[in-house]
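Q: Please take a close look at one part of the model shown here and describe how it is put together.

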Amino acid sequence: MTDSSPATPQAGNVGSSPLEGGGKLTLDSLTEDFLLERSTADGEPDWLRDRRLAAFKNYRDQRWPERKLDEYWRNTPFAQLVDVGLPLVSRGDDITIEAPNALVESLDDPAAATLLDGEVVAVNVPDHLAEQGVLVLPLRQAAHDHADMVRTHLGSLTTTSDGTGADEDRTISVNDAAWDDGVFVHVPAEVEVTTPIGVQVHVTQPGTHLPRVLVVLGRFAKATVYVEHSSPDFERAEGTRRTPVLVDEVVEAIVGDGAALDLVTLNEFGGGVTHLSLQKAQANRDATYRHLSVNTGASTLRLRPEVDLVGAGASTYPTGVYFADEGQHFDLQPYIRHIAPRATSDVLYKGALQGKSRTIFRGNVLVSKEAVGTDTNETNRTLILTDGARADSTPFLEIHCADITAGHGSATGQIDARHLFYLESRGIPRDEALRLIVRGFFSEVLERFDAPGVRDHAMAQIEHEIDIADLDRIGVSDAATVGEDPHAPIASRG
Amino acid sequence: MADLEVRDLTVEVDGKEILSGVTLDLDKGKTLALMGPNGSGKSTLAYAIAGHPAYEITGGTIAYKGQIINDWTPDTRSRSGVFLAMQYPVEVPGVSLTNFLRTAINARRDEDLPIRAFMQELKTQMADLHVDESFLQRSVNEGFSGGEKKRFEILQMAMLEPEIAVLDETDSGLDVDALKVVSEGVNRLQGPDLGVLIITHYTRILRYIRPDEVHVMLDGRIVESGGPELADRLEDHGYEEIAATARA
């Protein structure tokens with residue numbers, strides 16, 4: 001058994017990043033030998049090593065996304081925004097910093113794990129949960145201790161997916177091949193965990209991070225999982241949109257028959273981070289999957305909240321709030337696949353933009369031929385607060401079955417001047433009225449979620465954004481005139 | 001000098017002149033009715049007094065307690081004591097009714113009103129105006145019927161205690177029962193410290209809220225003024241008679 005120092009990289013691809021040096025491997029220069037050596041050094045089971053090598057083959061045959069060729073990357077120019085030459089952050093690097101307190105720690109004795117720069121540094125499972133078989137542990141360890149479960153479910157949503165095929169995106173293959181460590185959460189059949197389970201992903205070092213999370217709920221299980229992302233701010237070099245930190249993560253969730261999973265993701269990395277995230281769930285028969293993303297962090301965020309509705313009667317509520325500030329670029333692409341009949345999906349995303357910022361919302365829905373009785377809806381509302389902000393919103397529906405109900409709506413605009421006038425006419429000063437309106441805009445979304453501490457936390461994040469907003473620069477829609485009621489009859493008598 | 005003085009006011013909306021020289025006095029303790037056919041400019045006057053940004057004053061003045069308020073922002077006018085009950089109150093999504101009212105009240109106080117005192121007062125007013133307590137959970141005007149919206153406007157008036165209140169077609173869309181409740185609410189607030197300008201197309205509300213003076217607007221101007229008997233005349237003859245005289 002060799003020691004766990006980073007493998008010596010082979011000659012070959014050298015990254016283009018100015019940070020690359022010292023012979024560290026990058027996303028672009030990954031080699032089979034490196035993966036083989038690391039996997040062996042970590043004593044990973046054979047099946048896992050084989051998986052990684054199979055993923056590596058995909059990676060090798062794929063190319064990085066190109067905006068002109070890859071529809072889903074059209075609005076997020078990969079080459080401009082993502083530095084694939086950043087060295088992989090690996091264990092053995094000097095780690096002396098601790099992760100800050102996660103939101104989940106303010107709750108009553110939660111089960112939780114912290115993934116810090118690719119290493120699981122803290123794990124806690126209270127006795128009463130452990131006794132019921134609830135698992136929260138490093139993914140690598142789980143591959144040994146719970147091989148059957150991990151083997152069945154890990155990568156099931158990225159490499160093969162019922163009816164939808166493998167994910168062809170190289171950013172996913174590279175995570176399948178080279179995730180360092182991750183967290184495995186399991187709630188056994190019929191177990192209900194009332195306190196949210198926390199997975200904290202904290203990043204402190206420049207470079208490439210490949211976190212992996214796998215959540216498995218057995219039949220009729222019930223749980224809430226928070227995945228919290230945090231980091232300090234990192235400085236971005238002048239004249240480039242690329243950042244010194246890249247986090248390319250995959251979160252998979254399997255929701256068993258009749259089970260209910262609420263997954264809350266706080267995407268709150270600091271400035272100077274590019275955050276690519278696939279968060280994909282499989283909802284089985286009569287399962288309920290709710291997903292809430294709170295998106296305020298990172299310089300560039302590309303989030304794919306996806307759901308495969310493979311069981312009849314499943315329902316999913318992908319929900320999100322986002323607030324993009326100066327210099328931020330958010331690309332949010334929910335993807336709902338109605339594979340089984342009588343499933344329900346309702347996507348609701350609301351966002352606000354200020355300063356020179358850009359958001360893209362692309363709501364993808366696929367309804368397969370067998371998905372009779374599908375009920376699907378997607379809504380996106382965006383507030384443009386100041387000039388220079390740009391929001392794109394497009395629904396994409398691919399429908400192969402006629403016997404369904406499908407709706408979609410999107411509205412992008414400024415704060416309604418009538419709302420503002422109404423509040424001001426009651427004596428509320430403009431600044432305060434604007435705050436009330438923006439908070440009110442988001443509260444509809446947050447009220448959908450009953451996750452302890454989340455509503456307050458998200459509102460605090462939003463309020464913080466409003467506080468640093470240049471309220472004087474906020475523009476409202478042209479004040480609509482009031483006029484007389486066009487339907488009133490012309491009276492000749494009183 | 002009247003508490004609210006409008007002098008030769010001309011107002012444009014979208015570049016089109018709607019008010020062509022309106023002069024009106026309103027004192028606290030008095031109730032004025034302003035009537036007129038559709039398009040006469042009644043609502044425009046109401047919104048000009050309240051300071052709505054789309055209504056541009058191109059001439060004349062509005063003075064409140066001796067100060068010209070043409071350039072005052074709507075919130076300043078409100079905090080000084082001017083209130084507008086709107087004809088079509090908007091829904092403000094996600095802004096809770098209680099939060100909205102408390103913020104409005106606290107905006108005009110040096111120290112915040114304690115929550116308990118606020119809730120007590122609010123619940124009393126809700127009971128008086130037949131607004132169900134379940135509405136406390138709602139956002140402003142969210143899902144309110146026409147009658148409920150109008151009653152909520154009067155409730156706000158009761159909580160904010162203005163000195164000059166402009167009621168823009170408060171009676172429109174109300175059935176007799178709702179009209180009675182709203183009128184009783186206004187009557188309860190009437191007194192030496194409140195001047196009320198009731199803007200209405202119909203004389204019906206004036207049976208419940210008796211005006212001291214009645215003014216008739218036509219084509220952006222006040223063309224006739226009188227006592228309550230002017231309303232009776234309008235009820236019998238409509239606007240044609242006055243219009244014929246005014247336009248001759």
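A: The account below concerns a helix pair in chain B and then the side of chain B that touches chain A. The model is predicted, so local features need pLDDT of at least 70 and side-chain atom pairs pLDDT 80 or more, whereas totals for chains, interfaces and linings use all residues. Residues are numbered from 1 along each chain as its sequence is written, with chains lettered from A and ligands numbered from 1 in the order in which they are written.

In chain B, helix α4 (residues 115–128) packs on helix α5 (residues 146–160) with the axes 10 Å apart and at an angle of about 140 degrees. Helices are DSSP runs of H or I, at least four residues, and strands runs of E, at least two, numbered from the N terminus; axes are lines fitted to C-alpha atoms over the stretch in contact, with angles from 0 to 180 degrees between N-to-C directions. The crossing of α4(B) past α5(B) is right-handed (near helix turned clockwise from the far one by less than a right angle).

α4(B) contributes Glu121(B), Leu122(B), Gln125(B) and Met126(B) to the contact, and α5(B) contributes Leu155(B), Ala158(B) and Met159(B) (C-beta atoms, placed from the backbone, within 7 Å). These residues comprise 5 nonpolar, 1 polar and 1 charged (nonpolar: Ala, Val, Leu, Ile, Met, Phe, Trp, Tyr, Cys, Pro; charged: Asp, Glu, Lys, Arg; polar: the others, Gly among them).

α5 is also among the elements of chain B that give two or more residues to the side touching chain A, as are α1 (42–50) and β7 (92–96). That contact takes 40 residues from chain B and 33 residues from chain A. The chain B side divides into 18 nonpolar, 15 polar and 7 charged residues.

Definitions and conventions. Two residues are in contact if their C-beta atoms, placed from the backbone, lie within 7 Å.
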